[in-house]
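Me: Hi! Could you walk me through this model while I have it open?

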Amino acid sequence: MLDTKNTKSIQSTIKNSMIGDAVIVESVSYDRYAYQQLSEAEKLTYDQVYDCIINFKNRITLSTKDKDVLANAYEAVMADYGNLFWINGYQYNTYTNNNKVVGLEFEPKYSMTEEQKDVYQAKIDAVVEDWLSGISESASDYDKALYVFETLINKVEYNKDSEENQNILSVFLYQSTVCQGYADAVWYLLDQLGIKSTIITGTANNESHAWNLVYLDDAYYYMDVTWGNSKYLDSNNDTSGRINYAYLAMTTEEISQNHVITSSFEVPECLSNADNYYVHEGLYYDWFGVDSIGQKLNQSYMSGDDEISLKFSNTDLYSRVIAYFFDEKHISDYCPDLPSVYYLLDEVSNVITVKWN
């Protein structure tokens, strides 16, 4: 769950007092997605806020006098950078003269000293180097995203009571987190691999949530590691857990079935399914090809796999496949001597998972 206190601000109004001059900061974030969606005034403020945070400044005078511009800029910074584990919200100080706002000051709320941050950063770097040792820098965008998706689900448990669960410390130091930690860690690992991503906030099944917008092979997708961790989502007391690949690279239509975006900046329409796990792995069907589907099941069954998942393009096709192979038991035509079959249905994603006994 996303802890919304991390995005809240505290206001302080100071009357008839002097305020320092705003310093224009050269942008280092021009290629970041959320930054690109801002107005010119918001971009100036974003650059000042980011520079303040990474340099551990106590407070700065902003170019803007509008607290809403500051709020949008701060949100964009936190969406574009998942590595700012030492920041926990901010205070803004409004300077007035005769009830007119004459200046706005940004004061970050740090959760540790700069020296403590450096110690934690060294620990994070050591873990990240180890975790990323299994993927080549020359790997495809799809393979990098898949590796990060699987690594985080396999190594990090979902735990609402986890320590530092609103930042990457929970992931890399304690291997226990919630959605915000997962989303920040996706950003961090993909950034190390040269892939751009953005942290998206909103709701999922009416609960506060965070996930990622990722740019793979010249197209945008949504990735939700939290929902990919089916042990977290399981309602059948299945403690074994499994990876739900439906949440690896999703279109806007797919993510919108149970997620609502509340981020203030514009998000793109994600239309491509080329890097969808099932499409990429040849496990996606948009036609009722019983022999092709049967042969896929046979190959998995005969090779001794634990399970196989297949995705279908629409609900009607999905229902036909369930009826043919399971209700009418035609799966036995392709998997001889199969004593019984256990299968899981993901009706939201039109995915069938067959677990071989």
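Reply: Happy to; we can start with the whole chain and then go into strands, single residues and the core.

Me: Before that, what should I know about the model and the numbering?

Reply: This is a predicted model, where local features need pLDDT of at least 70, side-chain atom pairs count only at pLDDT 80 or more, and totals for chains, interfaces and linings use all residues. Residues are numbered from 1 along each chain as its sequence is written, and side-chain values use heavy atoms, with hydrogens and water left out.

Me: Thanks. How many helices and strands are there in the chain?

Reply: There are 14 helices and 14 strands. Both are DSSP runs numbered from the N terminus: helices are H or I with at least four residues, strands are E with at least two.

Me: And what does the C-alpha trace span along its principal axes?

Reply: About 85 × 40 × 40 Å.

Me: What share of the residues is buried?

Reply: Of the 357 residues in the chain, 51% are buried. Buried means under 20% relative accessible area, exposed means over 50%, and partly exposed is in between (1.4 Å probe, protein chains only).

Me: What about the accessible surface and the charges?

Reply: The accessible surface is about 16900 Å², with 44% of it belonging to carbon and sulfur atoms; the areas come from the Shrake-Rupley method with a 1.4 Å probe, and for residues only the protein chains shown count as cover. The chain carries 24 positive and 54 negative side chains, with the centres of the two sets 8 Å apart. Lys and Arg count as positive, Asp and Glu as negative, while His and the chain ends are not counted. Each charge is placed at NZ of Lys, CZ of Arg, CG of Asp or CD of Glu.

Me: OK, strands now. What does S4 pair with?

Reply: Strand S3 (residues 87-97) pairs with S4 in the antiparallel sense over nine bridges. Strand S2 (residues 60-61) also runs antiparallel to S4 (residues 100-110), joined by two bridges. For two strands to pair, DSSP has to find at least two bridges between them.

Me: Which residues face each other there?

Reply: Ile 60 stands opposite Phe 106 in S4, and Thr 96 has Val 101 as its bridge partner in S4. S3 and S4 form a hairpin with two residues between them, and Asn 98 in the turn has a positive phi of about 55°.

Me: I've clicked on Tyr 92. Is it buried or exposed?

Reply: Tyr 92 counts as buried because its relative accessibility is 8%. Tyr 92 is in strand S3, and its C-alpha atom is 6.8 Å from that of Leu 104, twelve residues apart along the chain.

Me: And what does Lys 67 touch?

Reply: Tyr 92 and Leu 104, not counting residues up to four places away in sequence; contact means heavy atoms within 4.5 Å. Lys 67 sits in helix H3 (residues 67-80) and counts as partly exposed, because its relative accessibility is 41%.

Me: Switching topic: which residues touch the most other members of the largest nonpolar core?

Reply: Phe 106, Leu 152, Phe 172, Leu 297 and Phe 325, out of 110 residues in that core. Helix H7 (residues 179-192) gives the largest share of this core, nine residues. A nonpolar core here is a set of buried Ala, Val, Leu, Ile, Met, Phe, Trp, Tyr and Cys residues joined through side-chain atoms within 4.5 Å. Leaving aside neighbours within four places in sequence, the contacts of Phe 325 include Val 290, Leu 297 and Tyr 334.

Me: Why is S7 largely enclosed?

Reply: Because six of the eight residues of strand S7 (residues 197-204) are buried, S7 is largely enclosed by the rest of the structure. S7 pairs antiparallel with strand S8 (residues 207-216) over eight bridges, and with strand S10 (residues 259-261), also antiparallel, over three bridges. Thr 203 has Ser 208 as its bridge partner in S8, while Ala 204 has His 259 in S10.

Me: Last one: what's the strand order in the open sheet?

Reply: The four strands run in the order S11-S12-S14-S13, with mixed pairing. Strand S11 (284-285) and strand S13 (342-346) are the edge strands, each pairing on one side only. Five bridges join S13 to strand S14 (residues 351-355) in an antiparallel arrangement, and Tyr 342 stands opposite Lys 355 in S14.
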